[in-house]
Each structure stands twice: as structure tokens, then as C-alpha cells.
Amino acid sequence: MKKSLDIAAIALTALLLLGFAVLSFRGLIDPQQASVRFGTPVSDAAGALFYRVYLSRNLVIVAAGAIFLLSRQWTPLAILLTMTAALPVFDMSVLSLNGVTPPLFHPVALALIALAAALLWRRARAARA
């Protein structure tokens with residue numbers, strides 16, 4: 001059972017990082033279309049620039065996460081994913097406060113990130129023992 005949870009932690013984290021990377025690269029290429037899926041379409045250059053900056057932040061998280069994952073640094077990776085869980089909460093809050101219904105992927109992302117973080121914390125604790 002412990003081995004299965006370790007595999008689940010690694011696989012889920014890798015899939016989340018891959019998903020973040022794909023969505024971010026797609027958004028950098030076409031920020032107007034990506035912003036529609038986010039819930040707040042942008043049509044001007046300033047909005048597209050902001051959206052590119054937002055997606056660049058996600059790519060920094062992906063790069064750090066990939067480095068931690070490949071070097072088997074479970075505790076830093078668990079910390080990174082735990083902190084990353086705040087992002088969909090923040091996004092949903094800002095959208096809701098501005099009268100926009102957050103897209104379904106936000107709560108789904110939050111649940112998957114939280115699950116991956118919990119599994120990684122278990123993995124980190126086991127690695128120290």
C-alpha cells in the first residue's frame with residue numbers, strides 16, 4: 001500500500017506539472033483564447049501582457065517542481081505544491097468578488113493539488129524515517 005501511495009504521489013505530481021506546463025505554453029502563444037477559458041476574456045494588449053505574466057509565474061512553479069521531482073527532494077516539492085494550492089483559491093476569490101463564476105477547473109485543480117501535496121507530505125515523512 002505504501003509503495004502504491006508513493007507511485008500515486010509521483011505520478012499525480014508529474015501530471016499536474018505537465019498540465020500546468022501545457023496550459024501555460026498554450027496561453028503564452030494565444031493569451032486571448034486562454035483567458036476566455038480562465039473566465040475573464042482579454043482583448044487588448046495590456047490584458048494579454050498581464051495574462052502572459054500570470055502564465056510565466058506558472059512556468060516558474062513548473063520548473064521548480066520538475067527540479068524537485070527529478071532530484072527526489074520530497075519536502076521542498078511538498079512545500080511547493082502546498083503553497084501552489086493557494087493559487088486556485090485566490091483566483092476563485094478574485095473572480096467571484098468581481099461577479100465572474102470561476103470555471104470548473106479551478107476547484108478541480110485545487111482538489112488535485114491538495115491531494116498531491118498530501119501524498120507528497122506522506123512521502124517526505126517516509127523518506128526521513
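A: Let's start with a definition: contact means heavy atoms within 4.5 Å. This is a predicted model, where local features need pLDDT of at least 70, side-chain atom pairs count only at pLDDT 80 or more, and totals for chains, interfaces and linings use all residues. Residues are numbered from 1 along each chain as its sequence is written, and side-chain values use heavy atoms, leaving out hydrogens and water.

Q: Which residues is Leu120 in contact with, leaving aside its neighbours within four places in sequence?

A: Leu120 is in contact with Ala9, Thr13, Trp74, Leu77, Ala78 and Leu81.

Q: Is Leu16 buried or exposed?

A: Buried means under 20% relative accessible area, exposed over 50%, and partly exposed in between, with a 1.4 Å probe and protein chains only. Leu16 has 17% relative accessibility, so it counts as buried. Beyond residues up to four places away in sequence, Leu16 touches Leu81, Leu112, Ile113 and Ala116. Leu16 and Ile113 lie 97 residues apart in sequence, yet their C-alpha atoms are 7.5 Å apart in space.

Q: Which residues touch the most other members of the largest nonpolar core?

A: A nonpolar core is a set of buried Ala, Val, Leu, Ile, Met, Phe, Trp, Tyr and Cys residues joined through side-chain atoms within 4.5 Å. Here the largest has 17 residues, and Leu16, Trp74, Leu77, Leu81 and Leu120 touch the most other members.

Q: What lies apart from this core?

A: Another core, of six residues, lies apart from it; among its members are Ala34, Tyr51, Tyr54 and Leu95.
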